[in-house]
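Q: I would like to learn how to read the features of this model one at a time. Where should we begin?

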Amino acid sequence: MDDPGSMLERALAAARGAQAHAHAPYSRFRVGAALWTEDGRVYVGCNVESASFGLTLCAERAALAAYVADVAPEDRTAILGFAIVTDASKPTPPCGACRQWLVEWAPDAIVVAEGGLAGDGREVDAGGGGGSPPQDTSAAAPRSRWIVRDLIPDAFRGDDLDVG
Ligand code: THU
C-alpha cells in the first residue's frame with residue numbers, strides 16, 4: 001500500500017480533476033470527489049445535476065458507483081478514504097444521502113474535504129453539528145476531516161433488513 005498521506009494528496013488532485021467535469025448549471029456549485037482503496041486504486045466522481053433538480057447525483061456517490069462498476073466484487077479491497085473538493089470558502093461535508101452510501105461501503109474510511117483556495121492559509125470554521133471538526137490549516141486551502149461512521153451514527157445498514 002502507498003503511504004496514506006500520498007494517497008490523500010493523490011485523491012485530492014484526482015478530485016480536483018473531476019471537479020472540472022462537474023455538470024452544475026443550476027447550482028453552479030461544482031463538486032469533485034475521489035475515493036482510494038487499500039490496493040492503491042483511485043476513483044473519481046463529480047456532481048451531475050438534472051433539470052429535475054431532485055435527480056441530481058452528488059460527486060461522492062458518482063465516485064462510489066464508478067468504483068463498483070469497474071472493480072469486480074472479488075477484486076475489491078477496503079476503501080480507505082474519500083476526498084471532496086469544492087470552490088467554497090470552507091470545506092463541505094458529504095450530504096445525508098451520500099453519508100448513507102459511504103457508511104454502507106466504508107464505515108471506517110476517512111473523509112477529507114478541501115475548500116477553495118484561501119490563498120493565505122487562514123483558519124476557516126467548518127461549522128456543522130457537534131462542533132467544528134479538526135482542521136489542517138497548514139495547506140493553502142482549508143481542509144476538514146471526519147471518519148464516515150461519525151458522520152452518520154446509528155446508520156441503517158443491510159443487516160437491519162433481516163425480517164427473520
Ligand atoms: N453536492 C455534491 O455533489 N455532494 C454533496 O455532498 C453535497 C452537494 C452537489 C449536489 C448539487 O449539484 C450541488 O452540490 C449543490 O447542492
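A: Begin with a single side chain. Tryptophan 101 counts as partly exposed because its relative accessible area is 35%; buried means under 20%, exposed over 50%, and partly exposed in between, with a 1.4 Å probe and protein chains only. This tryptophan 101 belongs to helix 3, where helices (H or I, at least four residues) and strands (E, at least two) are DSSP runs numbered from the N terminus. Not counting residues up to four places away in sequence, tryptophan 101 touches Arg61, Leu64 and Ala65, a contact being heavy atoms within 4.5 Å.

Q: What conventions apply to the numbers and atoms?

A: Residues are numbered from 1 along each chain as its sequence is written, and side-chain values use heavy atoms, with hydrogens and water left out. The model is predicted, so to speak, with limits: local features need pLDDT of at least 70, side-chain atom pairs count only at pLDDT 80 or more, and totals for chains, interfaces and linings use all residues.

Q: What is the mean pLDDT of the protein chain, and where is confidence lowest and highest?

A: pLDDT is the predictor's confidence in each residue, from 0 to 100. The mean for the protein chain is 90, and 86% of its residues reach 70 or more. Confidence is highest in strand 2 (residues 42–46), at a mean of 99, and lowest in strand 5 (residues 135–136), at 54. Over residues 119–130 the pLDDT is below 50, although the stretch has 20 contacts in the model beyond near neighbours in sequence. Where pLDDT is low, the predicted coordinates should not be read in detail.

Q: How many helices and strands are there, and in what order do the elements run?

A: The protein chain has 4 helices and 6 strands. From the N terminus on, the order is α-β-β-α-β-α-β-β-β-α. Among contacts between residues at least 6 apart in sequence, 66% join residues at least 24 apart. Of the 164 residues in the chain, 42% are buried.

Q: How do I read the nonpolar core, and which of its residues touch the most other members?

A: In soluble globular proteins, nonpolar side chains tend to be buried together. A nonpolar core here is a set of buried Ala, Val, Leu, Ile, Met, Phe, Trp, Tyr and Cys residues joined through side-chain atoms within 4.5 Å. The largest one has 23 residues, and Leu35, Tyr67, Ile79, Phe82, Val111 and Val148 touch the most other members. Two or more residues each come from strand 1 (32–37), helix 2 (59–70), strand 3 (79–85), helix 3 (96–105), strand 4 (110–114) and helix 4 (148–151). Helix 2 gives the most, with 4 residues. A second, separate core has 10 residues, including Ala15, Ala34, Val85 and Val112.

Q: What does isoleucine 79 contact, and which elements do the buried residues of helix 3 pack against?

A: Leaving aside neighbours within four places in sequence, isoleucine 79 contacts Leu35, Trp36, Thr37, Leu64, Tyr67, Trp105, Ala106 and Ala109. In helix 3, Cys98, Gln100, Leu102 and Val103 are buried. The buried residues of this helix pack against helix 2, strand 3, strand 4 and helix 4.

Q: Which residues are around the ligand?

A: The list is Ser27, Phe29, Val31, Asn47, Glu49, Thr56, Cys58, Ala59, Glu60, Pro94 and Cys95. For polar contacts, look for a pair of N or O atoms within 3.5 Å; within protein, one must be able to donate a hydrogen and the other to accept it, and residues adjacent in sequence count only if both atoms are side-chain atoms. A ligand oxygen is 3.0 Å from a polar backbone atom of alanine 59. A ligand oxygen is also 2.8 Å from an N or O atom in the side chain of glutamate 60, and one is 2.9 Å from a polar backbone atom of cysteine 95. The protein covers 77% of the 370 Å² of accessible area that the ligand has on its own; such areas come from the Shrake-Rupley method with a 1.4 Å probe, and for residues only the protein chains shown count as cover.

Q: Is asparagine 47 buried or exposed?

A: Asparagine 47 counts as buried because its relative accessibility is 5%. It lies in the loop between strand 2 and helix 2, and its side chain reaches the backbone oxygen of phenylalanine 29 at 2.7 Å.

Q: What is phi near in arginine 28?

A: Most residues other than glycine have a negative phi. Arginine 28 has a positive value near 60°; it is in the loop between helix 1 (4–19) and strand 1, and is exposed at 67% relative accessible area.

Terms used. Near = heavy atom within 4 Å.
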